Amino acid sequence: MKTDKEKLQVLNNLVAHYGYQYWWEDTNRISDWVSMILIQQTTEKNAHKALGNLEPYLTVESLQEIELETLQELIRPAGFFKQKSNYIKELISWFISHDSDFDKFRTYSTDELRKELLTIKGVGSETADAMLLYIFERNVFIADQYAIRLFNRVGFGPYKTYEEMRKDFIHLTEGVPHDLCREWHAAIDVHGKHFNKDKNMDESFLSF
């Protein structure tokens, strides 16, 4: 079993290597929030196209009032548009039920808020953690497939499930700057995409 120090070394070396990515930093948090639904099971390009179509409607009020069929057509480029349109409606309804106020959630513990998010149709573990990290500014670890494959490949684990890896890494997020925590996830995914294109790439920079 690798040590916490070695895990942190890999994470911080990734960020040092790829630099800050500044993901999901739109001043309109509703835009970023909806994009987390759109990005599911599609490419970044298609999600961005769908989000661009939604641009005039990216407020709580507009997304609540928009006809479901209209919403479906606007997000069609992201695929699974009928499913995702329902998920967006569910997300907005949930937010409205909490007074559409992000500040209200400051009283929630991270675990409490995660449980709440997981009650929203279309929000699974990975999406809930992305929302916690980027929308609600909580330090969490996103144990997505890029993370699992990376850490298994370089001798950690073996990790088989999302929750298994999350449980083993979540404590590493305590006490680190929130900006760095955000960038761990971004760097893992950027590296994973590079590795998928070149399975022979040199990963020696990840270790001591």
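Glu 73 is partly exposed, with a relative accessible area of 45% (partly exposed lies between buried, under 20% relative accessible area, and exposed, over 50%, with a 1.4 Å probe and protein chains only). Glu 73 belongs to helix H5, residues 68-74 (helices are DSSP runs of H or I of at least four residues, strands runs of E of at least two, numbered from the N terminus). The model is predicted, so local features need pLDDT of at least 70 and side-chain atom pairs count only at pLDDT 80 or more, while totals for chains, interfaces and linings use all residues. Residues are numbered from 1 along each chain as its sequence is written, and side-chain values use heavy atoms, with hydrogens and water left out.

**Overall architecture**

- The chain contains eleven helices and zero strands, and its elements from the N terminus on run α-α-α-α-α-α-α-α-α-α-α.
- For 208 residues, a compact globule would have a radius of gyration near 17 Å, and the value of 18 Å for the chain agrees with this (the radius is taken over C-alpha atoms, and the globule rule is 2.2 Å times the number of residues to the power 0.38).
- Along the principal axes, the C-alpha atoms of the chain fill a box of roughly 55 × 40 × 30 Å.
- Of the contacts in the chain with a separation of 6 or more, 65% are between residues 24 or more positions apart (contact means heavy atoms within 4.5 Å).

**Burial, surface and charge**

- Buried residues make up 46% of the 208 residues of the chain.
- The chain exposes about 10700 Å², of which carbon and sulfur atoms supply 49% (areas come from the Shrake-Rupley method with a 1.4 Å probe; for residues, only the protein chains shown count as cover).
- There are 25 positive and 33 negative side chains, and the centres of the two sets lie 6 Å apart (Lys and Arg count as positive and Asp and Glu as negative, with His and the chain ends not counted; the place of a charge is NZ of Lys, CZ of Arg, CG of Asp or CD of Glu).

**The annotated domain**

- The unreviewed UniProt entry carries the annotation "domain: HhH-GPD" for residues 38-194 (positions are given in the numbering used here, feature names are shortened, and annotations may be inferred rather than shown by experiment).
- The span of residues 38-194 is 60% helix and 0% strand, and its end C-alpha atoms lie 23 Å apart.
- His 194 is 121 residues from Glu 73 in sequence, and their C-alpha atoms are 33 Å apart in space.

**The loop between H2 and H3**

- Gln 40 lies in the loop between helix H2 (29-38) and helix H3 (44-54), and is buried at a relative accessible area of 15%.
- Residues up to four places away in sequence aside, Gln 40 touches Lys 84, Tyr 87, Gly 122 and Thr 127.
- Gln 41 lies in the loop between H2 and H3 but is exposed, at 60% relative accessibility.
- Although Gln 41 is not a glycine, its phi is positive, at about 55 degrees.

- Gln 72, in helix H5, is buried with a relative accessible area of 13%.
- Apart from neighbours within four places in sequence, Gln 72 is in contact with Phe 81, Lys 82 and Ser 85.
- Phe 80 is placed in the loop between H5 and H6; its phi is positive, near 45 degrees, in a residue other than glycine.
- Phe 80 is partly exposed, with a relative accessible area of 42%.
- Leu 91 sits in helix H6, residues 81-97, and is buried with a relative accessible area of 0%.
- Neighbours within four places in sequence aside, Leu 91 is in contact with Trp 33, Ile 37, Ile 120 and Met 131.

- Ala 147, Ile 148, Leu 150 and Phe 151 are buried in helix H9, residues 145-153.
- Cover for the buried residues of H9 includes helix H1 (4-18), helix H10 (162-169) and helix H11 (178-197).
- Gly 155 follows H9 and has a positive phi, near 95 degrees.
- Pro 158 lies in the loop between H9 and H10, and is joined to Gly 157 by a cis peptide bond with omega of about 5 degrees.
- Glu 164, in helix H10, is partly exposed at 35% relative accessibility.
- Beyond its neighbours within four places in sequence, Glu 164 is in contact with Pro 158 and Tyr 159.
- Glu 164 and Ile 148 are 16 residues apart along the chain, with their C-alpha atoms separated by 9.7 Å.
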